[in-house]
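Please read this briefing alongside the sequence and the model. It takes up selected elements of the fold and their contacts.

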Amino acid sequence: MNMFNHMIFSFFALTFLFMLKKTAAEGVHAKGINIGAIIDMSSRIGKEQRVAMEIAMEDFYGTGNQTLNLHIQDSQRDPVCAALAAMDLINNQQVQAILGPHTWEEALSVAEISSQTQVPILSLADTTPKWATERWPYLLQASPSKQEQMKAIAAIVQSWNWHQVTVIYEGTDSSAIAVTPYLFNALRDVGVGVIHGLVLPTFASTITLSEELEKLKREQSRVFVVHLSFPLAVRLFEKAKKMKMMEKDYVWITTNPITSLVHSNASIISSSMEGIIGVKSYFPEGGHLFHELRQRFRRKFSLQNPKDDNNEPGIYAAEAYDAFWTLVVALNGSNRGGQELLETILQVDFHGLSGKVQFIKFINERAPANRFHIINIIGKSYKELGFWSKGLGFSKTIHENSTSRPCMTDLEQALWPEGPWNTSSRGWITATSANPLRIGVPGESGYREFVHVEYDHLGNSVAFSGFAIEVFKETIKRLPFTLPYEFIAFKNTSYDELVKQIHLKKYDAVVGDVVILASRYQFAEFTKPYTETGLMLIVPAQSGNRELSFIRPFTKSMWVLIAVITVYNGFIIWLIERNHCPSLKGSMLHQIGIMLWLAFSTLFSLHGGKMHSNLSRMSMVVWLFVALVITQTYTANLSSMLTVQKLDGAAPNVEALLNSNAVVGYCTGSYLQNYLVDVLRFKTQNIRNYTTLEAYAQAFKNKEIAAVFLEVPLAKLFLAEYCRRFVSVGPTYKVGGFGFALPRGSPLLPSIDEALLKVSENGTLLELENTLIKPGNCPDVEDENHSLSPSSFGTLFIITTGTSTISLAIYIFSRANSMLGYTTTWRLMLAAMRYWVCQRQITRRSSNAENSVNNLAPQASGMQSLV
């Protein structure tokens, strides 16, 4: 029932209140203190509460001679009956306070009556909303709030690394509505998502339970948190047992309303609830006071309820006992009531069976419970695994020296029907060898380094390789469980369609060069990216240093050939003109310098007026024409290169590309088309798609595009393939990287994320990247066809070389003829000179002979005289 209906019931209840009001003369009331109680006598909780209150009253009589009257009414778990019972207790029994009822709906129907008559109501419901106690100041929460148990449940889920759960709760139970938000918040705080919230009506039919459980059975997650009333929970578990949902890989966690009653229903729990983990309210059962209460409780409960199997007291009996004593302590033998009694109750402070009894002022509720039992239902009973305490965590015992842990794995081992917890239950259904995980892979990816599918002659995929495939394999190896899988090629270029196949249940996951996009989250969820994230702008690179840009118009061979021909022509001119110009003569070093000066000066000036030979003039004119063509070509090519350099250096950033109306490229089948148009504001006609790295390079070569936008991993692959011919410029635009896609809400996602982090942290990811996407040894490359080679000027070089060579040949021939004439004259002159020398020698010899004869004549005469 909703709150509006409860208000109607309260209105009628008030009407009955005044109709049934008795005058003082119409009845005689018992003397002493009158206390009322409203409980559901047909339920186990109501039965325990009644026996506990009666024992508390007996204990009160044992402490003094005061008279106390306990008036118990049956609510029949009906808010209207509870309201009528409250009016009867207030008007006919003249009670000073009322204990109960147990459900929040019943407490709500009684609250308005108590506030009108100023009779305090000590509600025994698990939870009372804060707004209720503010609206009805005489409504007090006498049982500790169980909201902290939701943190204990969240801690259990976190302990076993379950990242998604399904919550099943009772929609018509207002306490469940009040408690469930605390559960959702507690799960969210530990990183656990609620993938489904199943709301069941209190009187849900068997068909409804079957249909809802069948839906849950089809889900991959198998962790269920159940917050229902005990009767509805029993029916749910009986149906789940029949549907084989209480077996391996299923996890059921129950809250206090269910778990706190398992001690009283051995036959039920043994048949349908075995293996459940539950959170149960803690109270000191080992104390002397509770030991005495237990003995008396067993006897009294068995006498009143002989058909019940179990006569052990639970938390509800302890709370009812403490609530009774709360009133006794507040009344203190007086007949005080109304506001005075309310204020006295709020000041009560003592240790009871259920723990410390103390109310929080201004919110009119007892201090919340901060400790809970963690139990495991086994057979006809349950096993206490340990305890959970707020702010401390899990512990095996409750005492000052107990050791607490944030994880419950250190507690007693929980058992399933098929084995220990840590070996039998994973909390979700996993793939098997007979039914492996179906992994969709892009069958026509243009990037073989990332994804490559090999096909046989029939067109069937037979092998899968690439960086993405290897990263996935390494990730699966690091999962804490075995996960069989098989790759299936998707023969479609649309990656959006590939991801959509997960939503259509065709694939269980997608692996490949798939970008994480917000638009794709409607069909799947993604792991953390295993590549760098972002979008890069790639443009042609500049080869060489900018300082040497002046040599780039010609190739190295071209420069060498120009130098050789220049020196050759200069040598010929020097040779021809040296006999006509004294300045060309001199020492050897001087003549070499003059020759080189003549060779290179002809490139910039015409020396025709200074030339003395037509041969040198002919050679110089032809070479000057060739030099003019070469210099003009050099100037044009250098200007073109400097213009491209300016464009490359400025950017191409996005603004420059937009302003120049440049055409850019992007990857076919990707999301970039919309991104370039909608975000970066490129015109649709200025963007072109390509499928492979080779297509990008060819498009640059053909001047079809000025830049290309690629995701970071593809950009790294492109730059590695083409070495220093292209570079990235500008900022990296933030977009999602490559990730693995899984179904929305998949419980595998956290485990795969964790395994992927291990692959990254231990260096495996970097090793795979260096192995599969590693830049090769790039040779020094020149810009594509920008530098001119000798082949471009072959004819001109032949003409000038031929002309100079002809001039040299003519010069040598003419010199040879001249040298022949000179030789004859020289020979004649030599003959004459030799003749003259010979004549001189003959004359000299004749003179010497005559002198000798003249000298011998006197000598002979002297000899004769002597004789």
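This is a predicted model: local features need pLDDT of at least 70, side-chain atom pairs count only at pLDDT 80 or more; totals for chains, interfaces and linings use all residues.

Residues are numbered from 1 along each chain as its sequence is written, and side-chain values use heavy atoms, with hydrogens and water left out. Helices (H or I, at least four residues) and strands (E, at least two) are DSSP runs numbered from the N terminus.

**The sheet and its helices**

- Five strands make up an open sheet of mixed pairing, in the order E27-E26-E28-E25-E29, where two strands pair if DSSP finds at least two bridges between them.
- Strand E27 (687–690) and strand E29 (726–733) stand at the edges with a single partner strand each, so one side of each has no neighbour in the sheet.
- Neighbouring strands are turned by 30 degrees against each other on average, direction ignored.
- Strands E26 (residues 664–667) and E28 (residues 707–711) run parallel and are joined by two bridges, and Gly665 has Val708 of E28 as its bridge partner.
- Helix H23 (residues 693–701) packs on the sheet, touching E25 (535–540), E26, E27, E28 and E29, and its direction makes about 165 degrees with that of E28; contact means heavy atoms within 4.5 Å.
- Helix H24 (residues 712–721) lies across E25, E28 and E29, at about 125 degrees to E28.

**Helices H8 and H9**

- The axes of H8 (residues 206–218) and H9 (residues 230–242) come within 10 Å and cross at roughly 60 degrees, axes being lines fitted to C-alpha atoms, for helices over the stretch in contact, and angles running from 0 to 180 degrees between N-to-C directions.
- H8 is therefore oblique to H9, since angles under 35 degrees count as roughly parallel, over 145 as roughly antiparallel, 65 to 115 as roughly perpendicular and the rest as oblique.
- Thr206, Leu209, Ser210 and Leu213 of H8 meet Arg235, Leu236, Lys239 and Ala240 of H9.

**Helices H2 and H12**

- Asp59 forms a salt bridge (a side-chain nitrogen of Lys or Arg within 4 Å of a carboxyl oxygen of Asp or Glu) with Arg296, their closest N and O atoms being 2.7 Å apart.
- This pair links distant parts of the chain, 237 residues apart, with Asp59 in H2 (residues 44–61) and Arg296 in H12 (residues 288–304).
- The axes of H2 and H12 come within 10 Å and cross at roughly 125 degrees, and the two helices are therefore oblique to each other.
- A search of the whole structure finds 24 salt bridges.
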